[in-house]
Amino acid sequence: MSSLWLPILLAVPVLGAVVVALLPKGADQVAKQVTLAVSLVVLALTLVMAFQFPSAKGDRFKFAAVYDWIPSFGVHFGVGVDGIALVLIVLSAVLVPIVVLASWHDADGVRTADGTLITPKRSVKTYFSLLLVLEAMMIGVFAATDIFLFYVFFEAMLIPMYFMIGSYGGAQRSYAAVKFLLYSLFGGLLMLVAVIGLYVVAGKSTFMFPELVGAIQDPATQKWLFAGFFIAFAIKAPLWPVHTWLPDAAAQAPAGAAVLLVGVLDKVGTFGMLRFCLELFPDAAKAFTMPIVVLAVISIIYGAIVAIGQSDMKRLIAYTSISHFGFIVMGVFAMSQVAQSGATLYMVNHGFATGALFLAAGFLIARRGSPHIADYGGAQKVTPLLAGFFLIAGLAGLSLPGLSSFVSEFMVMTGTYASKAHGSGALTVAAVVSALAVILAAVYILWMVQRVLNGPTAEPVKAFKDLNVREIVVLAPLVALIIGFGFFPKPLLDVINPAVSQTLVNVKVDNPAIAEKGAGQ
Amino acid sequence: MNDIMQAPTIEYGTLAPMLLVFGAAVLGVLVEAFAPRYLRKVMQVPLTLVSLGGAFALVLVQVIMRGAPTEAVAMGAVAVDGPALFIWGVILVLSFVCVLLVNDEGHFVASAAAVPGSADEEEAEAAGSGHTEIYPLLLFAVGGMMLFPAAHDLLTMFVGLEVMSLPLYLMCGLARRRRLLSQEASMKYFLLGAFSSAFFLYGTAMLYGYAGTVSLPGINKALAGGALLDPLLLIGFAMLGVGLLFKIGAAPFQAWKPDVYQGAPTPITALMASGTLVAAMGAVLRVFWVGLGNLDWNWRPVMWAVAALTMIVGAVLAITQTDIKRMLAYSSIAHAGFLLIGVMATFDKSQQNAGSLSAILFYLLVYSFTTVGAFAIVTMVRDPGGEAGHLSRWAGLGKRSPVLAGVFAFFLLAFAGIPLTSGFFGKYAVFAAALASGSESGDSLGGWMTGLVVLGVVASAVAAFFYVRVIVLMFFSEPAADGPSIAEPSMGTVAVIAVAALVTVGVGLFPQPMLDVAHQAAANLFIR
């Protein structure tokens, strides 16, 4: 029995992209409106699907659909969602219309408040059709239950992002785009070897994920295949020391593309670790836990310290994300229910918080034409609304209690602290060290806020106009989500928790939460 | 003594596609000899197209009506088996497509005998003369390409090799623009090609000395019982290998490729990059799998090194190229390396071997179509002095003509093996076959195959860099003020690009039908 939900969800943006691409020249306004409409339809479908999720049929993967694609290779068009995939698809579907609105004028040629042109006019319909293609691929990559299909989306989604950075980005765009593509492609190709190796060694003539769980028993083989997958995901996430492409790509990409890059595309890396590295190769994952947690802690601290030193707003935000991804990876590999649920929640919350921060910074940059923090000052007096949104997004970035990131960061840290998965107290130490980043986060965020918003108003800043309606519509939902999930994360956690429990069962970790539930019945 | 010469039995029906092509080539020569100049082109083009199309139809008829023969024909000289028929089909379609490119005035010299830059040349150009000999020459080359991979003994193979190569040497020197470069390419190709032919022939002689026969299964039979360290065998095998590897442009015998690809008229380059590669890979497979099948523990390590070197040389040297055709030449070298990985993916069981074979056939198909499409686009980007070869001239092409640049970018992504293009599945199929072969218990190379595949993906990543560099140039750079013009394409060129793009997209999205065809072609392996 196949559900049509996910195939439709994939088809709608693809069809939308084709329509937008085929529009006649000069129909820029129509292109934007069609894109917005399509992305809103996708959002609506996703939300309906999300509300039906708890009651939907299927043990682990709901809304499952499996069709043969390439029988010779054992490849299926297999899609389905568990709680983890669902929240990430919702994240993507929420962010895309927001990004469409935020990028409304990005390809028209952006002028600063004093009228200088910072990016020239470029093809509008290409930009928006790329955006829709990217949306389809983002949904596909999280929904794929066939590992080959996952790989196809994983690699193919690089291409639209590559063109969005390369054709629509800042001054260094072509360097940043190539660096982004080559890093990701290299990791992806290593993963391809591991994907083929998994197929060959498992000898099941299928790429369907559920059938491959537990198929590889030999520990040495597990380690090699794990490494192939993990390197690809570590580059994508990105983890120190393979993170250097992210600040370049995020700083050069237009703000909207940067939101999707950091908010969604990078989550594919951490999602992949949780779904594939852990469940397919549980023994290897346990064997490599400590080295990976060490890398994660380095990322947390390193990203935070380097962020403090940045003079470019977008690079600063990118480095804070590297720090946050460190938390997510640490949570994933802490192998406890709380930490992994926290990490999954973090993926979603980070998408909203960083998205809001990138967009608010993008609005500032569009007014001034410079990403350098030193070029601002005193914006609060001129543009109080923009400053307010910027401040809230920033505070979410430093995980202030009451805002959504706090819940997830707290869960990751306590989960890691209490995790007995690795026997010794090593994870406890990691949690304690990573807590330092909370202080560092206050430094990088508040110092940026202080330099940009407070102090004497810089001369060019005086010409700024406050947010217009479109920009408010962009930022308001994100801030609402940040605050809402800060106080009431339960709806998300209710969806995430069962999926994480299932993961832990497949990883064969003694799960206190499941034991408790069992005892209660 | 009553020695009666027995007339050889020739299965005309089975050989019909090849005979049709050769017959049309001979007719073409007669047309050149007797038809008046103004009629020649009018007669040659339909003759060529009809014969290639007809030959393709004959291949189809044969496959559908009778299936592939299981015995070698023409007294054991030619093996028209499944893989050979598949390769014939591919070569015929490719050459048909290349003829559509040839049928485009601007590419060929008006009078090859006139000294470049001389008054004679100007006169010939003014008179509008041309060389319609191109068409019969091309048909002979195609006939050779068909014989080469279908030959069942080494001498027939040699004949096929020469019939294929000699017209190509000549055609390489017939470019209309930059004639000295073209003539230099022709000369180089001829000299090096003659060398490699000599190696091939010498190797054949040595193997005859070892096995007492030149028939491929005969040699294999001799290997099954004979000494495997006989110097005659080893020298013969090495020499034969040199001759064959030269033709596919594997390192360290790749030096001719960039020069020849650059100098030759682009339609001929397209034919060489697709048809010749396909034919030569077929011959490599037949020699190593059929003729030297029992020696595989001996040649596979050598092939390992050659494949590794070929991928590295192709991928790394391509980065430094500044000419689009040279870059595509190095890319073709790298792809030859990927194909050699497939050649090494041999198993003990024939069923699995069929899997590897179908992977290689599939790869050949998808790669050659994309290649022809890419070269067709190269013919369209023109400077006043001919094609705009230098990469810097391609800057900003995406702004001038977004569709053309978009299609070219798509072909490049297919070369790089990005998913949802045909190139990805080709690469996937070959890598999967190699990994499966290495994981077979008792495989002599074992983990080395995995190493080679890892090397292959690293080479792919390096190769991706230079493909992407062209995309960067086309889309992310500002166009030069005096940029190249885009030639108004002929119907033929449009058709070529359309077919190539269609195959690249179609197979990229739904590879299964093509895989089925390749699988059926490979199911019974080669005739032994």
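**Group meeting: a two-chain predicted model**

Let me begin with chain B, which has 20 helices and three strands, where helices (H or I, at least four residues) and strands (E, at least two) are DSSP runs numbered from the N terminus. The radius of gyration of chain B is 22 Å, close to the 24 Å that the globule rule gives for 528 residues, so chain B is as compact as a globular protein of that length; the radius is taken over C-alpha atoms, and the rule is 2.2 Å times the number of residues to the power 0.38.

Before I go on, this is a predicted model, in which local features need pLDDT of at least 70 and side-chain atom pairs count only at pLDDT 80 or more, while totals for chains, interfaces and linings use all residues. Residues are numbered from 1 along each chain as its sequence is written, chains are lettered from A and ligands numbered from 1 in the order in which they are written, and side-chain values use heavy atoms, with hydrogens and water left out.

Along its principal axes, the C-alpha trace of chain B spans about 70 × 60 × 45 Å, and buried residues make up 62% of its 528 residues. Here buried means under 20% relative accessible area, exposed means over 50%, and partly exposed lies in between, with a 1.4 Å probe and protein chains only.

Helix 14 of chain B (residues 350-380) has 31 residues that should span 45 Å at 1.5 Å a residue, and its end C-alpha atoms are 46 Å apart, which agrees; the expected span is 1.5 Å times one less than the number of residues. Because 27 of those 31 residues are buried, helix 14 of chain B is largely enclosed by the rest of the structure.

The three strands of chain B form an open antiparallel sheet in the order 2-1-3, two strands being paired if DSSP finds at least two bridges between them. Its edges are strand 2 (386-387) and strand 3 (485-486) of chain B, each of which pairs on one side only. Between strand 1 (residues 381-383) and strand 2 of chain B there are two bridges, and Arg382(B) has Glu387(B) as its bridge partner in strand 2.

Turning to chain A, strand 1 (residues 62-70) and strand 2 pair in the antiparallel sense over six bridges, with Asp68(A) opposite His76(A). These two strands of chain A form a hairpin with four residues between them, and Gly74(A) in the turn has a positive phi of about 70°. Strand 2 of chain A (residues 75-81) is mostly covered, six of its seven residues being buried.

What, finally, of the salt bridges? Over all chains there are 12, a salt bridge being a side-chain nitrogen of Lys or Arg within 4 Å of a carboxyl oxygen of Asp or Glu. In one of them, the closest N and O atoms of Lys179(A) and Asp248(A) are 2.8 Å apart. Lys179(A) lies in helix 7 (residues 173-202) and Asp248(A) in helix 10 (residues 245-252) of chain A, so the pair ties together parts that are 69 residues apart in sequence. Lys179(A) counts as buried at 17% relative accessibility, and Asp248(A) counts as buried at 14%.

In chain B, the side chains of Glu184(B) and Lys188(B) meet in a salt bridge at 3.0 Å, N to O. Being four residues apart in helix 7 of chain B (residues 179-211), Glu184(B) and Lys188(B) are separated by about one helical turn. Glu184(B) is partly exposed, with a relative accessible area of 40%, and Lys188(B) counts as partly exposed at 30%.
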